[in-house]
Amino acid sequence: MTQSGTQSGKKTPADGLTRRRFLQTSAATAGAAAGAGVLGAPMIWAQELKDVTLNWAGPSYSVIADIAEKASADLGFNIVPQTVESTALMAKVVNQPETIDIADLEFWAMQKVWRSGQVQPVDVAKIANWGMMTPLMREGKNFDGSDLSRQGTMPAEVMYIAAAGDTEFAASPTELATIMPTIYNADTVGIRSDLIGRPIESWAELFNPEFKGKTALVNIPQIGIMDAAMALEAMGEVTYGDKGNMTTEEIDLTINRLIELKKAGQFRAFWSTFDESVNLMAGGEVVIQSMWSPAVTAVKSRGIQCTYQGLKEGYRGWGLGMGLMGHLDGIKRDAGYAFLNWYLTGWQGAFIARQGYYSSVPDTAKANLSANELGYWYEGKAATEDILDPYGAVMDKAGAMRDGGSFEARMGNVGCWNTVMDEERYMVQRWNEFVSA
Amino acid sequence: MSSRSSGGVSRLSPYLQVAPLALIMLAMVGIPIGTVILLSFWESDGIAVFPTFTWQNYAEVLTSPLTLTLFLNTLKYALITLAATILIGFTCSYFLVFHVRNLKWQIGLFLLCTIPFWTSNVIRMVSWIPFLGREGLFNQLLIGAGVIDQPLDVLLYSDFAVVLTYIHLFTLFMIVPIFNSMSKINPSLIEAARDAGASPWQILTGVIIPLSKTGIALGAIFVVTLVMGDFFVVRVMSGGQSASVVSAMKNNIDQLFYPVASAMAVLLVVVVLMMVAAILRVVDIRSELAR
């Protein structure tokens with residue numbers, strides 16, 4: 001290539017010819033390489049695990065290329081990651097099920113997706129680490145053995161079915177899981193602690209006139225309305241029967257109040273994507289808003305003081321599970337189970353811990369973290385050295401502690417779960433009204 | 001045309017000529033729109049769609065006061081953008097055609113107008129955010145110059161930001177057709193008007209504007225349809241604080257309520273068609289183009 005470059009630089013009449021010859025040569029080389037690839041390919045095995053390719057689809061915070069790469073290397077077959085945001089994924093699962101093999105579905109999505117019959121149940125007996133799974137996910141029990149909040153879609157509520165083919169969920173654990181729980185977290189508000197300069201303890205602060213024009217909500221109707229409901233309830237204005245499943249009267253009340261607040265100029269923006277929420281916070285447009293944990297991490301790694309503030313009314317919990325698509329059978333299903341089992345062995349749990357999420361089998365994840373990381377991410381201890389994010393960037397300095405404290409303090413205090421309401425259609429319509437008010 | 005044709009082949013030829021485009025339009029426009037119309041009459045339970053005929057989606061869309069708000073809001077954006085782009089497009093083209101006499105300069109300056117279009121729409125839009133933000137360049141400039149002491153919030157995440165971005169994105173669609181029809185104006189017409197004693201204003205309103213009408217109408221169709229169909233600019237530049245017809249539709253699509261979104265889409269198509277028809281009524285583009 002260098003030779004042809006210097007020749008064409010001379011502007012000789014042979015210039016064009018040289019370039020053409022160069023192109024011919026490289027085409028020939030490429031052809032030869034491709035030919036060698038075909039000829040050099042090993043004989044075709046009939047139905048061997050290593051020839052399987054699994055299409056693994058899910059949202060960007062769960063389906064991560066690094067994880068697929070590591071899993072492919074460990075398992076010896078090919079896992080192809082495909083990023084599809086949760087709402088689009090639901091549509092894909094229902095309408096184009098054959099384009100996916102493994103789907104990372106939100107628990108709330110199960111309420112919509114399961115009855116389509118496109119996802120096959122996971123046989124609990126085939127998941128080696130199922131017994132080690134945290135009771136939070138497996139049984140819907142808190143650390144002290146009490147029931148978790150059932151406001152919204154608590155994972156265990158949609159996790160089991162009594163018999164294959166059931167479209168209704170079973171009330172208590174069975175041997176057939178709809179999806180296998182993977183990652184989860186407790187969400188709260190992000191604040192710019194440097195700009196606020198005082199402690200923030202309640203969801204009510206989201207609608208405090210002190211932060212007029214400096215707050216934001218997430219523009220995903222079913223999540224935004226829950227954050228608003230947490231705030232209104234904390235202000236003592238309303239007490240909801242179930243924030244996760246409001247009646248039309250409760251929806252009206254909430255949206256009317258939101259419209260009032262919007263007209264009074266309380267909100268700076270309603271964000272829809274991860275990066276929007278990061279930029280709102282980092283740019284100082286907003287000092288308190290609904291936020292995801294990795295977004296707070298992203299703001300922090302820019303050297304800006306941002307806190308994921310735990311609040312006394314509790315967190316809004318969410319979780320994801322892996323579903324085996326209905327069309328998987330034979331060797332492909334075996335590969336699917338192998339992948340699911342690999343997922344709970346700790347490497348992924350540790351990877352995901354570094355972006356602030358918990359693993360459904362915390363013990364294996366913990367074993368893959370360093371003592372410093374374990375203390376910071378799971379135990380609420382001060383970091384003994386710098387904390388790195390999954391990609392090696394410093395996200396917190398030595399001495400810092402995780403916002404909200406330990407795993408038990410955070411996950412043990414979930415007030416409600418991300419969900420889909422029965423009156424969803426009406427709610428989305430009223431939410432549109434709020435946004436356009 | 002048929003009077004000129006004698007044999008069967010030439011009678012067929014106009015059909016053959018339109019066939020490729022007709023087929024493409026049918027496949028790429030006709031079938032999707034047909035599907036949307038069909039879907040708008042079906043039932044949905046928030047995940048699956050059932051092929052059962054219902055008027056409910058239209059009833060919901062047409063009876064909701066939200067629909068009117070959304071359309072009025074979108075129309076407001078369209079009209080403000082239209083007025084601004086016509087003003088800018090007309091003055092730019094006027095300058096290029098009547099002040100720049102040298103053809104090389106004319107082409108050079110015209111190409112200059114297209115430079116922003118070498119990057120993507122999204123980049124051109126997003127680049128306004130750091131400029132207009134609370135801690136953005138413009139606010140810092142104003143504060144530094146002592147004009148204001150509190151940053152202006154209205155610059156970003158507001159209707160102002162949305163309209164500004166539309167104007168920035170869509171002005172070229174106005175400049176090109178106006179430039180095109182202006183450059184077709186015979187200079188001797190203007191000379192004749194001047195010889196007949198017309199003032200520069202009279203020349204502008206009596207000669208140039210009527211003869212540029214086609215360009216303005218074509219540009220208006222581009223701008224109106226682009227603004228009416230947009231959701232991304234509204235969402236990003238208003239910080240999600242304003243909604244347009246399509247952004248509300250997007251919320252419905254995200255929640256998998258496809259039939260309601262389809263009903264809304266059909267309504268939007270009807271409204272946009274009426275607007276285009278109105279523009280075509282004012283200016284007979286076909287006869288003007290044949291000129």
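Visitor: Which domains does the domain assignment give for chain A?

Guide: In this predicted model, the assignment gives chain A two entries: domain 1, made of 49–178 + 317–344, and domain 2, made of 186–314 + 413–436. Their C-alpha centres lie 28 Å apart.

Visitor: How many residues of domain 1 of chain A are in contact with domain 2 of chain A?

Guide: Here we count residue pairs whose C-beta atoms lie within 7 Å. On that basis, 13 residues of domain 1 of chain A meet 14 residues of domain 2 of chain A. On the domain 1 side, helix H5 (107–113) and strand S13 (315–325) of chain A each supply at least two residues. H5(A) gives the most, with three residues.

Visitor: What is that side of domain 1 of chain A like by class?

Guide: The side touching domain 2 of chain A has six polar, five nonpolar and two charged residues.

Visitor: Let's turn to a strand. Are the faces of S9 of chain A covered or open?

Guide: A residue is called buried if 20 or more other C-beta atoms lie within 10 Å of its own. In S9(A), residues 215–218, both faces are covered. A:Thr215 and A:Leu217 are buried on one side, and A:Ala216 and A:Val218 are buried on the other.

Visitor: Which strands pair with S9(A)?

Guide: S10(A), residues 267–271, runs parallel to S9(A) and is joined to it by four bridges; A:Leu217 stands opposite A:Phe270 there. S11(A), residues 288–291, also pairs with S9(A) in the parallel sense, over two bridges. In S11(A), A:Gln289 is the bridge partner of A:Ala216.

Visitor: And what confidence does the predictor give the complex?

Guide: The complex has an ipTM of 0.74 and a pTM of 0.77. For chain B, the mean pLDDT is 88, and 96% of its residues reach 70 or more.

How values were computed
Residues are numbered from 1 along each chain as its sequence is written. Chains are lettered from A and ligands numbered from 1 in the order in which they are written. This is a predicted model: local features need pLDDT of at least 70, side-chain atom pairs count only at pLDDT 80 or more; totals for chains, interfaces and linings use all residues. pLDDT is the predictor's confidence in each residue, from 0 to 100. Domain bounds come from an automatic or database domain assignment. Two residues are in contact if their C-beta atoms, placed from the backbone, lie within 7 Å. Ala, Val, Leu, Ile, Met, Phe, Trp, Tyr, Cys and Pro count as nonpolar, Asp, Glu, Lys and Arg as charged, and the others, Gly among them, as polar. A residue is buried if 20 or more other C-beta atoms lie within 10 Å of its own, exposed if 12 or fewer, and partly exposed in between; C-beta atoms are placed from the backbone. Two strands pair if DSSP finds at least two bridges between them.
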